[in-house]
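Please keep the sequence and the 3D view side by side while reading.

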Amino acid sequence: MQEEAVIVFDFETTGSSPKMGDRPIEVGAVRIENRMIVDTFQSLMNPGFTITSFIESITGIGNDMLLNAPPCEEVMEQFAAFIGTTPLVAHNASFDRQFLDSELEQLNLYPENAMACSMLISRRIFPNAPNHKLRTLIEYCGLANNDVFHRALEDAEKTGHLWITMCDTIYETYGLEKIPFPLMQQLEKMKKVKVEAFFERKVVEQKNSMLHLWN
DNA sequence: TGCCAGGCCCTCTTTAGGGCCTT
């Protein structure tokens, strides 16, 4: 089973593109070690301009809540310290990664953390799910669900439990004992039809590796 | 002036288009 630490994180933002001037308004993250959440990070942040009613309606975060929140720069500096060089996970990671990189670049920080996407991996592990939205996957996997979505820490926690469940499913389905982070990254880029053969090969590799240690 | 995301996957693909997913 996976043993190395990962940090699952999520941003709520003013829109969909930092290149169009959008910024985060909340970050939430959970640190997972040995299949358990051992630490969390959460903060609202003031983007420096008012957010639209559309974003308010999605997130439940209002301009009044952001008025006295610390600025993005302050929060992101703390968040950079929280993640360090730990491998990162997010649901639809390309979305959150662009905001992470954009904000940290403004602080002259250039994170090189490895990153994996729980959405792309879930398409491989749960090909029969109705779709691969976070809410659907939480329901599909029968995970604890308080029906609160689109808040950063809530979504990070749920994605964290989804990540653990995907590791468990790989173990239970294919018998793969160790699930290193690079293996998950390989999986998200794998063609759907090749997943089964991929795991069969990995199991054989691990068994051979164990035999090599014993001999 | 008018428009405005973007990265990835899938397939009836690759000389491309449509859909998914995030806010």
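## Charges

Lys and Arg count as positive and Asp and Glu as negative, while His and the chain ends are not counted; the place of a charge is taken as NZ of Lys, CZ of Arg, CG of Asp or CD of Glu. On this basis, chain A holds 19 positive and 30 negative charges, whose mean positions lie 10 Å apart.

## Basis of the model

The model is predicted, so local features need pLDDT of at least 70 and side-chain atom pairs pLDDT 80 or more, whereas totals for chains, interfaces and linings use all residues. Residues are numbered from 1 along each chain as written, chains are lettered from A and ligands numbered from 1 in the order written, and side-chain values use heavy atoms, without hydrogens and water.

## Overall fold

Chain A has nine helices and five strands, taken as DSSP runs numbered from the N terminus (helices H or I, at least four residues; strands E, at least two). The radius of gyration of chain A, taken over C-alpha atoms, is 18 Å, close to the 17 Å of the globule rule (2.2 Å times the number of residues to the power 0.38) for 215 residues, so the chain is as compact as a globular protein of that length.

## Burial and helix α5

Of the 215 residues of chain A, 48% are buried, meaning under 20% relative accessible area with a 1.4 Å probe, protein chains only. Helix α5, residues 118–125, is mostly covered, with six of its eight residues buried: Ser118, Met119, Ile121, Ser122, Arg124 and Ile125.

Methods: Buried < 20%, exposed > 50% of the residue type's maximum accessible area, 1.4 Å probe, protein only.
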